[in-house]
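Here is a short note to read alongside the structure. Please keep the model open and find each feature as it comes up.

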Amino acid sequence: MRCCHYDHVGEGCDSAFTVDTSRITFGRGCLAEVGDRARALGMKRVALFSDERLARLPYFEKVRQSLSAAGLDVVVYTDVHVEPTDQSFLDAARFASEARPDGYVSLGGGSVIDTCKGANLYATYPADFLTYVNAPVGAGRPVPGPLKPHIACPTTSGTGSEVTGITIFDLLSIQAKTGIASLALRPTEALIDPDCTESLPSEVVAASGLDVLSHALESYTARPYVRRPAPARPSLRPMSQGANPWSDLGCREALRLMGEYLVRGVTDAQDHEAREQLMWAATLAGIAFGNAGVHAPHGMAYAVAGLVRDFRPSGYPQHEPLVPHGMAVILNAPAVFRYTAESSPDRHLEAAEWLGADVRGATPGDAGEVLAGKLIHLMRAVSIPNGLTGVGYSESDLAPLTEGAFPQQRLLQNAPREMTRPVLTQLFRQALSYW
Ligand SMILES: [Fe+2]
């Protein structure tokens with residue numbers, strides 16, 4: 001922890017930070033614990049959320065059997081949409097309202113866990129869809145109370161959704177991703193079993209791994225909590241409270257693990273050590289960004305994913321165009337960190353070094369270029385497309401991309417430098433191609 005980063009509290013700014021996370025169980029085979037844990041939380045009738053691909057894999061059956069063996073009644077929902085939408089959330093909520101579970105288990109990547117959060121919310125506190133959606137897109141109203149218990153079991157080493165109170169979806173009417181952020185949405189428990197990652201296609205490990213990497217980088221470089229306005233009441237302190245000494249710990253270790261294991265885990269599905277360490281890095285970065293918040297690469301990614309026209313990446317379902325979340329994030333990252341480096345050159349250089357860059361002789365003025373160079377090197381090593389042109393965008397898309405990103409103020413205000421419309425346009429332009 002670099003204490004000097006937090007030494008001076010800005011006028012009217014916060015002087016404390018809060019640490020929250022789900023209860024976490026991590027280890028090979030721990031999915032078998034789900035039945036006992038669900039029963040201990042008082043569940044009797046469980047809604048098990050997954051998707052059609054996962055439902056054919058052995059660990060889905062392992063979870064279902066564990067729940068049944070614990071004497072629980074199980075209803076299954078596998079119609080989760082990869083990269084969910086407001087419509088797919090409502091479909092899932094309708095299922096939950098009719099099935100009347102007293103608890104939820106989600107088994108899958110971020111799409112499954114996020115859909116389960118949404119279904120739990122709208123089945124428990126029915127409302128017009130935009131009621132709880134982040135302002136200014138939605139009304140940003142607080143969730144009225146606690147939700148039903150939810151055990152999240154991630155199967156990708158990526159989103160961190162199992163430990164955060166955030167759910168993300170495509171709002172079809174504006175063709176952009178947005179979300180709902182509330183402590184009430186955070187899963188009660190996370191069961192993180194690295195065995196789940198062994199069947200993942202390398203493209204999924206690459207995109208989700210780079211999402212993790214960006215969670216850690218964005219949280220570490222976010223506007224520090226002592227430079228953010230103090231909340232009107234302590235209980236209103238946001239989850240995205242900015243960089244803080246607690247989240248720094250997880251970011252540092254997650255970045256070190258990414259530097260050591262990302263390429264290994266992508267290129268060799270049999271490298272169990274690497275895939276397990278990527279899962280641990282995802283957990284650490286998830287806890288970190290759940291308490292600090294991400295910023296511009298994610299805010300821009302919601303436009304990149306939402307405006308997709310015809311890009312269909314291998315390793316993912318082919319029936320509709322898609323820019324995977326982690327890919328949409330990392331494509332913006334080199335451009336953003338070149339721009340943000342002057343806010344805290346030491347932090348940008350530290351991050352580059354943890355990722356494996358040689359920073360000997362680098363000056364503060366080199367920080368952005370050193371970090372961007374390391375990110376580009378990693379992107380190429382795991383076969384990420386060359387910038388936004390690689391997923392189908394061109395100069396003529398800069399205006400709609402900017403308009404799609406600008407409403408993501410919850411994220412953009414967490415950036416360490418101002419993110420105006422002209423700045424966003426310039427960053428998207430620089431992100432068009434990198435090599
Ligand atoms: Fe992410």
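**Notes on the model**

1. The model is a predicted one, and in it the phi of Arg100 is near 50°, a positive value in a residue that is not glycine. Most residues other than glycine have a negative phi, and most peptide bonds are trans.

2. Ala135 and Pro136 are joined by a cis peptide bond, with omega about 5°. Pro136 belongs to the loop between α4 (110-124) and β5.

3. Next, the overall division. The protein has two parts, domain 1 covering 23-197 and domain 2 covering 200-430. Taken over C-alpha atoms, the centres of domain 1 and domain 2 are separated by 24 Å.

4. How many residues of each domain are in contact with the other? On the side of domain 1 there are 27 residues, and they are in contact with 34 residues of domain 2. Two or more residues of that side of domain 1 come from each of β1 (23-26) and β7 (176-181). The largest share is from β7, which gives 4 residues. Sorted by class, the side of domain 1 that touches domain 2 holds 11 nonpolar, 12 polar and 4 charged residues.

5. Now the sheet. Strands of a sheet pair through backbone hydrogen bonds, either parallel or antiparallel. Here 6 strands form an open sheet with parallel pairing, and their order is β1-β8-β5-β4-β2-β3. β1 and β3 (73-77) are at the edges and have a single partner strand each, so one side of each has no neighbour in the sheet. From one strand to the next, the twist averages 20°.

6. Strand β5 (residues 150-154) and strand β8 (residues 189-192) run parallel and are joined by 2 bridges. Ile151 stands opposite Glu189 of β8.

7. The next points are about helices. Two packed helices are described by the angle between their axes and the distance between the axes. Helix α5 (residues 202-221) and helix α7 (residues 272-292) have axes that come within 8 Å and cross at roughly 40°. This angle makes α5 oblique to α7, and the crossing is left-handed.

8. Which residues of α5 and α7 meet? From α5 they are Val205, Gly209, Val212, His215, Ala216, Glu218 and Ser219. From α7 they are Leu278, Ala281, Ala282, Ala285, Gly286, Ala288, Phe289 and Ala292. By class, this contact of α5 with α7 has 10 nonpolar, 4 polar and 1 charged residues.

9. A further helix pair is α8 (residues 296-306) with α13 (residues 398-405); their axes come within 8 Å and cross at roughly 125°. That angle makes α8 oblique to α13. Is the crossing of α8 and α13 left-handed or right-handed? The crossing is right-handed.

10. The contact between these two helices is made by Gly299, Met300, Tyr302, Ala303, Val304 and Gly306 of α8, together with Leu401, Gly404 and Ala405 of α13. Among the residues in the contact of α8 with α13, 6 are nonpolar, 3 are polar and none is charged.

Key: Residues numbered from 1 in each chain as written. Predicted model: local features only at pLDDT ≥ 70, side-chain atom pairs only at ≥ 80, totals over all residues. Domains from an automatic or database assignment. Contact = placed C-beta atoms within 7 Å. Nonpolar A, V, L, I, M, F, W, Y, C, P; charged D, E, K, R; others polar. Axes fitted to C-alpha atoms, helices over the stretch in contact; angles between N-to-C directions. Parallel < 35°, antiparallel > 145°, perpendicular 65-115°, else oblique. Left-handed = near helix turned anticlockwise from the far one by under 90°. Pairing = 2+ DSSP bridges.
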